[in-house]
Amino acid sequence: MSKQLINREEQGFIIASISGAIKRISETKYIVKSQNGGGEYDVCSTELGWVCSCPDHKFRGVKCKHIFAVEISFALRKEVEVARIEPLQINCCIFCNSSNIVKDGLRHNKRGDIQKYNCRECNRYFTLLEERTSGKR
């Protein structure tokens, strides 16, 4: 690997780690903020690979730091989709194991949703935290 290629990859990692630097428009199009100004570059997926509108990619024909940043962001998003936690399905009371329970309210907090349940058999309430698996609500 050349020193220039390592530098672009490192810069791409830095861009990918900055909140809000990469904006996904669609599955094949991203907008990446410039590191040294107020500009933005379009990074699009084509049949031949990723293409960026920055001068480094257009004139040198190399994989630029913006493409590296999008590839890192794309890979992280795919990893998160695979690791998604399914919500719990409660079908019995945690105290008496009765199946005669009803949902009795939902409270939102920054960690997730707290679902309140009421058992009609033992007349007890219990709550469960259902962690959020996607962005903010």
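User: Is Trp-50 buried or exposed, and what is its relative accessible area?
Analyst: This is a predicted model, in which local features need pLDDT of at least 70 and side-chain atom pairs count only at pLDDT 80 or more, whereas totals for chains, interfaces and linings use all residues. Residues are numbered from 1 along each chain as its sequence is written, and side-chain values use heavy atoms, with hydrogens and water left out. Buried means under 20% relative accessible area, exposed over 50% and partly exposed in between, with a 1.4 Å probe and protein chains only. Trp-50 therefore counts as buried, its relative accessible area being 18%.

User: How many aromatic pairs does the structure hold, and at what angle are the ring planes of Trp-50 and Phe-74?
Analyst: Rings of Phe, Tyr and Trp (its six-membered ring) pair if their centres lie within 6.5 Å, with planes under 30 degrees apart counted as stacked, over 60 as edge-to-face and the rest as tilted. The structure holds 4 aromatic pairs. Trp-50 and Phe-74 have ring centres 6.2 Å apart, and their pair is edge-to-face because the planes stand at 70°.

User: How many residues apart in sequence are the parts that Trp-50 and Phe-74 tie together?
Analyst: Helices (H or I, at least four residues) and strands (E, at least two) are DSSP runs, numbered from the N terminus. Trp-50 belongs to strand 4 and Phe-74 to helix 3 (residues 65–82), so the parts tied together are apart in sequence by 24 residues.

User: Which residue lies over the face of Phe-95?
Analyst: A charge sits over a ring if NZ of Lys or CZ of Arg is within 6 Å of the ring centre and within 35 degrees of the ring normal. At 4.1 Å from the ring centre of Phe-95, the residue over its face is Arg-124.
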